[in-house]
Amino acid sequence: MPIKYIPYQPNTVEGQAILNNITRTQRVLRYRENNQVYDRIQRGMPYYEVQTQEIVGEASENLVIRGECLSACAYLKEQGIQVDLVYIDPPFASGADYAKKVTIRRNPQLAEQIAIAEQSLDSEELRSFEEKMYGDIWQKEDYLNWMYENLMAIKSIMSATASIYVHLDWHIGHYVKILMDEVFGEDNFQAEIIWKRMTPSGFKGKFNIGKSHDVIFWYSKGEESIYNPIIIPYSPDYIEQRFGKVDKNNRRFKDEKIGSATPESTVERLKSEDKIYTTANGKLRIKHYLEEAEGIALDDVWADIYAVNSQAEERTDYATQKPEALLERIIKASSNEAMIVADFFGGSGVTAKVAHDLGRRFIHCDVGINSIQTVRDRLKEANAHFQILEIQDGVSLFRNPQQTMDKLASLIVGLQSNKSVHPELVEGQMVRQAHHERIEGLNDFWFGSITDSKLGIIPVYVPNLLNSHDKVLDIPQINRILNQELQALEINVKKIIIYYIDMDNEKELLKFINENNDTNITIELKDLKNLLHDVVIEDIITVQFTATENGYETEISQFISDRLIQKIEAFNAKGLLQAKGKLFNPIRLSDNGLELIELIAVDCENSTGQWHSSTEIKIDKLGYVIKDSVKTKTFWPPKRLKVRNISGDETIKLIINDENARR
């Protein structure tokens, strides 16, 4: 349960378009569950306990938060923290799944592989598989209600002079523009920026043209906002075209006619500066020298910043990563040094990294553990100081909500899933059909059903972890189930199961069910947290610590990750199936499994509580062991050892217990 609810901003701007009052000639644009959205906003943002997981460098106000936007904003508001600039790159409602490529490391303990790693190795020789990061699959109504709540939460922690940039594309951007008009006010709209990514995509048939741009909506919170003018240097083509003339001193210039209203004194001054000349027909023209021209003032079409390609040095292999140059322009334009820049869908951490480089403070927030680990390593390499916080919202996610939702179908005993699945690997088994048939009589509201020999079909509801408001089971949701979803069932049922993350008020909820359930259907409530908690299995690490003259030598001799082994076995099975008799080279692991380790860190200060990395090494794709950018063999006296596998799962092993050490 949330500790409490933190109030949002006061009511939305009066007179603006709102979700359910936009009328067009032939249709009324109304979104389902709007009233529930407003009820939740009236209730407030859920505020949960927040734990500090790690402090990197010295104590700092910079924050890396694992959690959802709403809960992160509740925490910031409770702490009295206001941000000066927000950039968010939320899901685009594109219908696509995004994955991270996971590469098997070269085994650092095998001399033959080390020798190979020290040579120039073709990246194609590295074996890899993909881990789903998140599914950008939304119904339009659900997405807009979700986005509306997020925008309201973000506005509540913005300073009076703050700006917000929302990065979207053609799928849903035009609808979100309407929401932003409501939340921030039409008068505070500053620009619709077109970012041309340069590479067209989305060709679908001969009548379709390629899509090569995203849109970025820029709003200020109030009438006063920060803007530092940006001047774009002239391109070589522009210089050649516009500054093609050369004077007697070989200085490039462009010219224009002198207006009739130009004062004579100004003309005389320009003549003395050799900036006016007479044409063959006796007309006076003014010269603008190239070296005196700064460039072109920034406009709302940005075609000079390229998307991050696979060879770029800043590439992190993170889906949807945006280029640093894009964020550099936004941060320079709408913030000053020492101001706080926040990104609540932080992804690869480009916003936090660029903010640090430009002397700003930063807040990075994301629900995915891979995002937190990526930005953590990226910021550490940039010598940034920051805290890593985790919002304790009661759900032990695997790596992100999407993977948890995918896993639930196999965790609920006897469940026949009602959700469409993609032909992909699902935890060690391959789904061979693109879409299975819906369970007859159940609509999309139900996650699936269980068949009982005595009770028959039992519909099962599971909250959508991708939607923050679904985590709280409240009276409006129960009311919908009783008076809408039960009535819509096309089959006779005796019982339903409702899984929940949190309850708004358990006593009132049970009372409401008892008083308003007019059916003979039994309603069983189950805590989803218990189900998820039972399946979290740590990796197995065989480690030996040997006392030496200099302290301790630590050796990892074996690493076993059942989850990763299942993924690799599934990858191999899929490859064999698709090979259809042709040669297929499966992924093979060594007996000690060290190829599955990405990072090793030790804590020499604390045996409990927040993590302090006294020493850490990282293993790159080729098997290099890197410590402070140098291959080295080091001895150290750790109390705890943390090992991260190549998919991002982390296991902490206690080495020296403080109580034993004192004895």
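Buried means under 20% relative accessible area, exposed over 50%, and partly exposed in between (1.4 Å probe, protein chains only). The model is predicted: local features need pLDDT of at least 70, side-chain atom pairs count only at pLDDT 80 or more, and totals for chains, interfaces and linings use all residues. Residues are numbered from 1 along each chain as its sequence is written, and side-chain values use heavy atoms, with hydrogens and water left out.

**Exercise 1.** Classify Phe184, Tyr219 and Phe189 as buried, exposed or partly exposed.

*Solution.* 
- Step 1: Phe184 has 1% relative accessibility, so Phe184 is buried.
- Step 2: Tyr219 is at 0%, and therefore buried.
- Step 3: Phe189, at 28%, counts as partly exposed.

**Exercise 2.** Work out what kind of aromatic pair Tyr219 forms with Phe184 and with Phe189.

*Solution.* 
- Step 1: Recall the rule: rings of Phe, Tyr and Trp (its six-membered ring) pair if their centres lie within 6.5 Å; planes under 30 degrees apart are stacked, over 60 edge-to-face, and the rest tilted.
- Step 2: A search of the whole structure finds 11 aromatic pairs. In one of them, the ring centres of Phe184 and Tyr219 are 6.1 Å apart and the planes meet at 40 degrees, so this pair is tilted.
- Step 3: Phe189 and Tyr219 are 5.3 Å apart, centre to centre, with 65 degrees between the planes, which is edge-to-face.
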